[in-house]
Amino acid sequence: MAILANLRGKKGQSTEPIVVVRSFMNALFDIEKDYHTDEKYTVTGREAKKEYLLHHLTNADLQVAIILQKVCNTRGYIRNVLPYTIYKKLEEYFEEPISESQFYASLTKLTHHHLIEIKKVAGSPKSDVILHHYAENGKTNSFVLMHPIVFTAAFNRLELAKKKLFFSVYLQQNSGKPIERLIQSNDDTEKSVQYSGLSRFLHRDSSHIQAICKELTSEKINGKAPLFEQATVVKIRGRVHKVVLSIHPSYFAPKKKGEYHDIITPVLIYPRKASVFTSMLDKLGIGEIAALEGGTVLATLMDILKICSARVIQYVAKRLKEFYENHGKLPEHIVAFVKKEIRNRTRATILGTIYKYQLDRFVAPYAKSIAEHYEKEDTLVSTLSAFGYRAIEKACKAASRMLYAHYTKPAVSNVTIDLYNLSSGLHTWKDITAIRYYAYYHRKDPSKYVQLELEAAKKYNYLGSQDLKEWMFARIDELPTIENMPAVPHNFKLEEYLLCYLT
């Protein structure tokens, strides 16, 4: 949106508006609820300890609050990061950034007040930073797009009271009608400090507030418009009662679709292993995992998978694929899902070997539910866990040859059109029946087709009917065909079959 005199501007990069969340800023202002107490906290720096006022909002706090909201994701998370990396982003955006020691002091203060939470990543010097009051149920709370004027040196040099008033009015007005603020609130116990009277909020008396209002409507920023179009003082019986306030329209960021978060993408510590994993995901049709949250999810997963064998990594990828096929979406908490899957390394290794030799189709070929499938898996793992990994692999290799040679039959006798019908949200589309029959007559793998239709359902609302139909036909042509399917007896148990090669 703007080329500023910051490090980004020197590289020819623009500085976009910031998504600023009302509830987060409200909590920030409430730091001063106990302003009168003068309570302090200590931060240990490189040279010595230093004390700071716990309940006083500072210029540094405002810069840190803004940069945290700039680099977090839409759920208020900054994943797998060193605090210093966040400070480097602050230096990149602000024309006159605060010092590193001020940054850490402010970060500590926000932690004390539970505005943020810093969680160490196991086995790593990095942390996850979580912004509280930012999102609920995975969605960003009510927000405004804040003009990048707040990154400029001219804005930074304003006295703190003016900056606080600008942020507060901007958040409330949101390009609407002028708003009113009382000098003294009738109820000082009101929930938010910013609405408890300007005198309490700005720590200024009425004469100082009048002077601030005059300056905010007359002093131009960088030779352009003043910050406020209106800051009219209203008196009753000679005493200042309230102020009518309105931000200058030049500083309202236009509301348009765009990417306003500059999510910090972590450097992959294990790029080769990450490349193998992402290749597996791509082949399984769930490659989007690698791009989630700007690559931070992948970086966190690699920290977990770094000590795992290729077989366990393949097992994890397959598990993610199975979840997607069964639920039509990826796990909401992918990292927790993967941790759970590899918690039992024995199970992961055994099932990884089963997947390697494509025996997973024989684990529960007639299961009527996911629960039944998992139950049969548990029995299989329990039986095989008594044997060494090399023996299991040797048995699986031999069993795979025999099962595929003698216990499969042509898919044409097994596959029916019913396997291509599912509740994907496309059942009302007039062309979907013809498309399903196209996949059926070309003997395409039903599970692959189902995945394709779920993907198509996501495109239905923004692709035209003809474009979507052509896209689906082209993708169906690329799907693998099913040449054979398991044809074992209904009472077949893979673990018992494998025991023939293990004992």
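Where is the place of N141? In this predicted model, N141 sits in the loop that runs between β8 (139–140) and β9 (143–146). The residue has a relative accessible area of 15%, and because buried means under 20%, N141 counts as buried. When its neighbours within four places in sequence are left aside, N141 is in contact with V21, S23, H133, Y134, A135 and E136.

From this loop we can turn to the packing of helices. Two packed helices are described by the angle between their axes and the distance between the axes. For helix α3 (residues 59–71) and helix α5 (residues 100–112) the angle is about 75°, and the axes are 9 Å apart, which makes α3 roughly perpendicular to α5. On the α3 side the residues that meet the partner helix are A60, D61, V64 and L68, while α5 contributes Q102, F103, S106, L107, K109 and L110. Sorted by class, this contact has 6 nonpolar, 2 polar and 2 charged residues.

A sheet comes next. Three strands form an open sheet in the order β10-β12-β11, with antiparallel pairing. β10 (179–182) and β11 (228–236) stand at the edges, and because each has a single partner strand, one side of each is left without a neighbour in the sheet. From one strand to the next the twist averages 25°. The pairing of β11 with strand β12 (residues 239–247) is antiparallel and extends over 8 bridges, and F228 stands opposite I247 in β12. Helix α7 (residues 160–173) lies across β10, β11 and β12, running at about 65° to β12, whereas helix α9 (residues 206–218) packs on the sheet by touching β11 and β12, its direction making about 150° with that of β11.

F228 also belongs to one aromatic cluster, together with F155, F166, F167, Y170 and F252. As for aromatic pairs, the count comes to 23. F29 and F201 form an edge-to-face pair, 5.1 Å centre to centre and with 85° between the planes. Since F29 lies in helix α2 (residues 22–29) and F201 in helix α8 (residues 198–202), the pair ties together parts that are 172 residues apart in sequence. F29 is buried at 0% relative accessibility, and F201 is likewise buried at 0%.

Another pair joins Y438 and F473, whose ring centres are 4.8 Å apart and whose planes stand at 75°, so this pair is edge-to-face. Y438 lies in helix α17 (residues 432–441) and F473 in helix α19 (residues 465–478), so the pair ties together parts 35 residues apart in sequence. Y438 is partly exposed, with a relative accessible area of 24%, and F473 is partly exposed at 25%.

How values were computed: Residues are numbered from 1 along each chain as its sequence is written. This is a predicted model: local features need pLDDT of at least 70, side-chain atom pairs count only at pLDDT 80 or more; totals for chains, interfaces and linings use all residues. Side-chain values use heavy atoms; hydrogens and water are left out. Helices (H or I, at least four residues) and strands (E, at least two) are DSSP runs, numbered from the N terminus. Buried means under 20% relative accessible area, exposed over 50%, partly exposed in between (1.4 Å probe, protein chains only). Contact means heavy atoms within 4.5 Å. Axes are lines fitted to C-alpha atoms, for helices over the stretch in contact, and angles run from 0 to 180 degrees between N-to-C directions. Angles under 35 degrees count as roughly parallel, over 145 as roughly antiparallel, 65 to 115 as roughly perpendicular and the rest as oblique. Ala, Val, Leu, Ile, Met, Phe, Trp, Tyr, Cys and Pro count as nonpolar, Asp, Glu, Lys and Arg as charged, and the others, Gly among them, as polar. Two strands pair if DSSP finds at least two bridges between them. Rings of Phe, Tyr and Trp (its six-membered ring) pair if their centres lie within 6.5 Å; planes under 30 degrees apart count as stacked, over 60 as edge-to-face and the rest as tilted.
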